[in-house]
Amino acid sequence: MPCPLLPTGLCALACGLTISLAAPAPVAAAASTTASSASAKRTAKAKPAGKKSPRTTAQAKPTRSDSDPDIVTYGRREDALALADRLAAQQGLDPAWAREQLAQARYQPAVVRLIMPPPAGTAKNWAAYRARFIEPERVRAGVAFWAANESWLAAAEQRWGVPASLVVGIIGVETFYGRHTGSFRVLDALATLSLDFPKGRKDRSEFFSDELGQFLKLAHSEQLPTTSVKGSFAGAIGLGQFMPGSINRYAVDFDGNGHIDMAGSPADVIGSVARYLAEHGWQRGLATHFAVKPPVDTTDRATLLAPDILPSFSAAQMAERGAELDAGGAAHEGPLALVELQNGDAAPSYIAGTQNFYTVTRYNWSSYYALAVIELGQAVAALREATR
């Protein structure tokens, strides 16, 4: 997830998660990338609620034992039932049905632990981060995924202008092409983060409450049992690690079967990722970045780095500040950003990011993530071409 996948992805983007940029660590199946992430398709329409279920009687908030989370169901808490009523009103759902669903949610202490930021002082290391994703097994898996879904990738590129290699790179970083999509019940994860968001970091409970409402809307629309949907610890779903709200806003039924399936339909995932990027400013045919040598003068370098990943300088302005662009960058007519990627104790790496590089960071707020998905896609494309 680097959001993990951790969820990386839309989930991390939307909830402000911090991805680990330190030395490589095993990617757990339970963690995915906001990823989640964490997405691009047609908004799901809510269906009639149908027959109402009996109202659940609110009870006093129980004393919670973090070591025994499965006993602690939210149906016994007045604040949970009140939240169900509020979300039902917001999403046009039957309050009794919403209460019935939230009553099945369980407090999960693992979610609370995983949502916490990394320890202070964790060094960023682009080389180590890159090595987690641009490695032989993942690249080979990407070639296989591309071969199995070539027609969908080509159709998405033609429709939205997003290169197949970039879509492949995102899915590869997010979930290793479906190997690590998360093992938490999304209902549990979102209820826990809505009602028991941990102290010690900025409170995002309102964001997760909204995502819980979006999840209930999605489950009702797609007629999914709310307890059956699995995802990351932050509630990101499927191969592309879309948060429920992103599914409702951007996901597309690309295979035309009448349902949006971000876990089981590669076509829907491919179309959704491409549409998400297009909706967030992707420009057809524009490079994502160019090679650059940063200014030697520390003041000039600081000036160019100040806007971070937001393209803010013309090629001429960068040159005036002492940045040396490659031929493509020097000829680029749009704004650029000097992007610094730290390498631990070694010298940083630099690129000149375009508007399209910035667009990739809308999937996950990280230049490290963006460059990783770009370079993974390039590596997959190169191996695919070499073995054809």
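**Reading the salt bridges**

Reply: In this predicted model, Arg185 and Asp188 form a salt bridge, with 2.8 Å between the closest N and O atoms. The general idea is that side chains of opposite charge can pair when their charged atoms come close.

Me: Are Arg185 and Asp188 buried or exposed?

Reply: The cut-off for a buried residue is under 20% relative accessible area. Arg185 has 15% relative accessibility, so Arg185 counts as buried. Asp188, at 4%, is buried as well.

Me: Which salt bridge links distant parts of the chain?

Reply: Glu150 and Arg384 meet through their side chains in a salt bridge, at 2.8 Å from N to O. The two residues lie 234 residues apart, Glu150 in helix 7 (residues 150–160) and Arg384 in helix 17 (residues 367–386). Glu150 is partly exposed, with a relative accessible area of 38%, whereas Arg384 is buried at 14%.

Me: Which residues are linked in a network of salt bridges?

Reply: Such a network joins Arg77, Asp79 and Asp196. Within this group, the side chains of Arg77 and Asp79 meet at 2.7 Å, N to O. Arg77 is buried, with 1% relative accessibility, while Asp79 is partly exposed at 32%.

Me: How many salt bridges does the count come to?

Reply: The count comes to eleven salt bridges, among them the pairs Arg185 with Asp188, Glu150 with Arg384 and Asp79 with Arg77.

Definitions and conventions. Residues numbered from 1 in each chain as written. Predicted model: local features only at pLDDT ≥ 70, side-chain atom pairs only at ≥ 80, totals over all residues. Heavy atoms only, no water. Salt bridge = Lys/Arg side-chain N within 4 Å of Asp/Glu carboxyl O. Buried < 20%, exposed > 50% of the residue type's maximum accessible area, 1.4 Å probe, protein only. Helix = DSSP H or I, 4+ residues; strand = E, 2+ residues; numbered from the N terminus.
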